[in-house]
Amino acid sequence: MEELARTPGVVGAVGGAYADGRSIGLGSAGSRLLDGRGGKIPADARFRIGSQTKEMVATVVLQLVAEGRLGVDDKLADLLPEVVENDLVVRADEVTVRQMLRHTSGIPDWYAEKPNPDGTEGEISFDPFDFRTHYQPLDLVKWSRARPRTGEPGEKFSYSNTNYTLLGLITERLTGHDLATEMHTRLFGPLGMSKTYLAVKPPQGIKGPHGHGYYPDADGKLRDVDQLNSSIGGAAGGVISTAHDVSVFKRAFTQGKLLPPELQRVLTDRLPNPPRPLGERRSQCGDDIYVTGGTAPGFLAMTFYSEDGRRQLSISATLSVKDLSGPGQAMGKAMEAIFCPPS
C-alpha cells in the first residue's frame with residue numbers, strides 16, 4: 001500500500017488480502033487528506049466501491065428470478081410501464097432483464113455522454129461538485145434519453161449505468177422495499193457485511209474516518225469531492241464498504257453460494273463479441289485472476305480474486321487526478337506483489 005500511495009495522483013490507499021476467509025494482510029498508506037494532511041487512513045476504513053455495486057444488485061435481481069417474481073426474459077416495458085408512458089427508454093418493449101444485466105440492451109449511459117471506443121465509461125456528464133441536489137433514479141434515466149442507442153437489443157456489449165438504475169427500480173417495484181433495505185436483507189445482513197450499506201441520497205456519505213478524494217474543477221483547481229452526491233450512483237454504484245466486506249461478498253458469489261448455477265451463468269458466461277464482462281481475467285503465477293472495479297470522481301476501487309473464490313484482494317485509492325491509468329497500473333502491481341510474491 002505504501003508503494004501504491006507513492007503513485008502520482010494517489011492521495012491514500014487501503015487494501016486487504018484474504019485466503020479461505022482468513023485475513024493474510026491489511027494495510028493503508030498515504031493520508032486521509034491532500035498533501036499529507038489528516039493523518040493515516042485506518043486500514044479497516046470504509047470506501048466507495050463504485051460499479052462493484054452492480055454485481056451485488058444483479059445478485060438480488062437474480063434471487064428474485066429464482067423465487068419466480070420475474071424472468072430473465074421479461075420486458076422492461078412490462079416491469080416499469082412508466083419508462084414508456086414518460087418516453088424515457090426507446091424500445092423498452094424489446095429490452096429484457098437479461099440484456100440489462102449483461103449490458104447488451106443498447107440503452108445509452110446516463111453517466112457519460114459518450115462511451116470510450118472500447119465500450120467503457122467515458123467522461124462524466126454530471127456536475128461532480130453538486131453535492132446537494134437529490135436526483136431520483138428516473139431523473140438519471142431521463143439524462144440518457146437524448147443520446148443515441150448503442151446497438152440493437154441483445155446485439156452487443158456496451159457498458160451503461162442506466163441498465164442498473166432501471167434494475168434497481170424494478171427490484172423496488174417487485175419487493176415493495178427500497179433497494180438499500182433489500183440489499184441489506186438479502187446480502188449484507190446474511191453475509192455478515194456489517195460495515196456495508198447503500199447510500200442513496202445526499203448528504204449520506206462515508207461513515208467513520210476514511211480517505212478523501214479530489215477532482216479538478218474547470219480552472220484546474222483540486223476540490224474535495226468526499227461528499228460525492230449519493231443520489232448519483234444508487235443501484236449503479238452507490239455501495240460503501242470495506243476490504244473485508246467486499247471480499248466476503250466476492251467469495252460467496254464466486255463459490256456459488258448466492259445463486260443457482262444456471263442463474264449465476266447469466267452474469268459469468270462470456271458473450272460472443274469480446275466483451276468486458278463483470279470480471280476480467282488476468283493470468284498470473286499460473287492461475288487465472290479476475291478483477292472487478294469501480295470509480296467515480298476522487299476514487300478507484302478494485303477487487304482481485306481467484307477463479308475458485310479462495311483468494312481475494314480488495315484495494316481502494318483516493319485520487320487527485322482524472323486519469324486513472326497510473327493508479328490502475330499500480331493496483332495491478334500491488335496484486336502481483338501480493339498474489340505472486342518473488343520466490
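At 38% relative accessibility, aspartate 44 counts as partly exposed, a class that lies between buried (under 20% relative accessible area) and exposed (over 50%), computed with a 1.4 Å probe on protein chains only. The model is predicted, so local features need pLDDT of at least 70 and side-chain atom pairs pLDDT 80 or more, whereas totals for chains, interfaces and linings use all residues. Residues are numbered from 1 along each chain as its sequence is written, and side-chain values use heavy atoms, without hydrogens and water.

Lysine 195 sits in the loop between α8 (179-188) and β4 (197-198), and aspartate 44 in the loop between β2 (22-30) and β3 (47-48), so the pair ties together parts that are 151 residues apart in sequence. These elements are DSSP runs numbered from the N terminus, with helices (H or I) of at least four residues and strands (E) of at least two. Lysine 195 is likewise partly exposed, at 31% relative accessibility. Across the whole structure, the search finds twelve salt bridges.

Another of these pairs joins glutamate 152 and arginine 91, whose closest N and O atoms are 2.7 Å apart. This pair also links distant parts of the chain: glutamate 152 belongs to the loop between α6 (137-143) and α7 (161-175), arginine 91 to the loop between α4 (82-85) and α5 (97-101), and 61 residues separate them. Glutamate 152 is partly exposed with a relative accessible area of 41%, and arginine 91 is partly exposed with 27%.

A further salt bridge connects arginine 69 with glutamate 67, at 3.3 Å between the closest N and O atoms. Arginine 69 is partly exposed at 37% relative accessibility, as is glutamate 67 at 43%. Both residues belong to a network of salt bridges that also includes Glu182 and Arg186.

On a 1 Å grid over the protein atoms alone, a 1.4 Å probe fits in a cavity but cannot get out, while a pocket is an open set of points with protein on both sides within 12 Å along at least five of seven lines; lining residues have an atom within 4 Å of a point.

The second largest pocket has a volume of about 310 Å³. Its lining comprises 20 residues, with Pro137, Glu172, Val200, Gly234 and Ala235 nearest the centre. α6, α7 and α8 each supply at least two lining residues, and α7 gives the most, with four. By class, this lining has nine nonpolar, eight polar and three charged residues.

The structure holds five cavities of 30 Å³ or more. The largest cavity contains about 200 Å³ of space. It is lined by 24 residues, of which Leu228, Ile232, Gly233, Gly237 and Ala296 are the closest to its centre. Eleven of the lining residues are nonpolar, ten polar and three charged.

The second largest cavity has a volume of about 170 Å³. Among its 21 lining residues, Ile206, Gly211, Gly213, Phe299 and Thr318 lie nearest the centre. β1 (10-19), β3 and β11 (311-319) are the elements that give two or more residues to this lining.

Terms used: Salt bridge = Lys/Arg side-chain N within 4 Å of Asp/Glu carboxyl O. Points joined across faces, edges and corners; volume = space filled by probe spheres on them. Nonpolar A, V, L, I, M, F, W, Y, C, P; charged D, E, K, R; others polar.
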